Structure formats: structure tokens, C-alpha cells
Amino acid sequence: MSLKTLFSAVLNTTGRPLVQQQWTKALHSSAVLLKAEDRKQMLASMPGRDEGTTGEKSIDIDTLFGKKEKFFPDASTSTQLFNSLPFNEIPIANIRVSSNNTIIVFTDSKGVPRLTHSCGCEGFKNTRKGTNIAAQATAITVGTKALELGWKTIRVKVRGLGPGRMSAIKGLQMSGLHIVSITDNTPVSWNPPRPRKQRSL
């Protein structure tokens, strides 16, 4: 066999050697497969979508009104018994939420502070103080301290907007406290400052 016939047998119609063409095909197809596998692994390792300030699930208010239970306070609520305690003698958990931090203060029924804890005291630094995980961890810690004081039933007052609103309440429940009422004390300005002028494009 001559050198010319051997060379023409090795070359394909494209002009590239056959061995090199197969190698490049294998390289490109394996790169696509690896990319797809990496994407699957990345999606599997990602955490679930953060709730933020929205609730865990939506509740149909109309069905709740059909029940016999009372959901809104009236004149007799202050003397109503919850776990053998009148409503106006139940200790209060004040949750102050901002975009940068969450502060929880436990007061007795008269408003005297007994326990104070924040995400910074819990050990979170900088921007991590404003996360819902930090608020939940703080609420669990301060809730267990409240249980040590002998408080099992509490009222909750939430003030401010931020990612730790729902998480702090959930953390208080996880610590073993029984929450009787949740009040939103977020201040609303009726004459807010004038908004910025519209951006010209």
C-alpha cells in the first residue's frame, strides 16, 4: 500500500483526520452533558424561596367568620381567661422589625421590660442581622428564656416592616410559647413626606 492511499484512507471527506473528528465530537457532547448535570446539582442544592414579609399560607377570612370563635377584641376581651389568666395580665412580646435588625423585648402585663434580645446579641453580624433566619433564631432563644421565667402564654405586638416579621412569631411558637393574640403596631403616617419627582427618561 502506497503512502498516498494510506493518507487518503485516514482523511475523511471533510479534510480532517478521522481520529481527530471523533475526538472533537466526544468532547463537545460530553461538555453538554456535564453542563446539564452541573445545572441539576445546582438546582437541587439551592434553598427554597424565601417568604420575606408574606405569610406562610393564605387564609380565607370568610370561612373564619362562619365559625363561632371570636377573632377580634371587644369590651369583654380584657377579662377573658386564657390558660387561667385574664387577657390584660398576660405578658407581652414586643417585636421591633427593621430591614437591618430584629429586636424582641418581653414585658410583663404592666409594660415593665423583663427580657431583651436582638439578632446582634445572638451573634449575627452586619447584613445577616436583617435575615429571617436570624430573627427566628433570636425568637427561639428569648422564648426559651421566657419559659424559664414561667411564662407559657403570651401576647405578641409587632412593629415595623422587614424580613423577620413572620419568622420571629414562628420562632416564639417553636420555643414552646402559646401565642394568644398578634397585634400589628406599625406606625402609619397620614401626611408622609413629599415623594421624589418622577425620573425623566
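**View 1. T138 in helix 5.** At 0% relative accessibility, T138 counts as buried (buried means under 20% relative accessible area, exposed over 50%, and partly exposed in between, with a 1.4 Å probe and protein chains only). T138 lies in helix 5; helices (H or I, at least four residues) and strands (E, at least two) are DSSP runs, numbered from the N terminus. Apart from neighbours within four places in sequence, T138 is in contact with I104, H117, S118, C119 and E122, where contact means heavy atoms within 4.5 Å. The model is predicted: local features need pLDDT of at least 70 and side-chain atom pairs count only at pLDDT 80 or more, while totals for chains, interfaces and linings use all residues. Residues are numbered from 1 along each chain as its sequence is written, and side-chain values use heavy atoms, with hydrogens and water left out.

**View 2. The cysteines C119 and C121.** The count of disulfides comes to zero, a disulfide being a pair of cysteine sulfur atoms within 2.5 Å. The sulfur of C119 has its closest cysteine sulfur in C121, 9.1 Å away, which is too far for a bond. C121 is likewise in no disulfide, with the sulfur of C119 as its nearest cysteine sulfur. C119 counts as buried because its relative accessibility is 0%, whereas C121 is exposed, with a relative accessible area of 56%.

**View 3. The salt bridge between D184 and R165.** One salt bridge is found in a search of the whole structure (a side-chain nitrogen of Lys or Arg within 4 Å of a carboxyl oxygen of Asp or Glu). The side chains of D184 and R165 form this salt bridge, at 3.1 Å from N to O. The pair links distant parts of the chain, 19 residues apart: D184 belongs to strand 7 (residues 178–184) and R165 to helix 6 (residues 165–174). D184 counts as partly exposed because its relative accessibility is 46%; R165, at 16%, counts as buried.

**View 4. The buried side of helix 6.** In helix 6 the buried residues are R165, S167, A168, I169, G171 and L172. Their cover includes strand 3 (92–97), strand 4 (102–107), helix 5 (132–148), strand 6 and strand 7. After helix 6 comes G176, with a positive phi near 110 degrees.

**View 5. R155 in strand 6.** R155 has its place in strand 6 (residues 153–159). R155 is buried but has no salt bridge, and D108, the nearest side chain of opposite charge, is 8.5 Å away; Lys and Arg count as positive and Asp and Glu as negative, while His and the chain ends are not counted. Not counting residues up to four places away in sequence, R155 touches F87, N88, I90, P91, I92, A93, S109 and S181.

**View 6. The whole chain, for orientation.** Six helices and seven strands make up the secondary structure of the chain, in the order α-α-α-β-β-β-β-β-α-α-β-α-β along the sequence. Of the 201 residues in the chain, 24% are buried. Among contacts with a separation of 6 or more, 61% join residues 24 or more positions apart. The average pLDDT is 78, and 68% of the residues score at least 70; pLDDT is the predictor's confidence in each residue, from 0 to 100.
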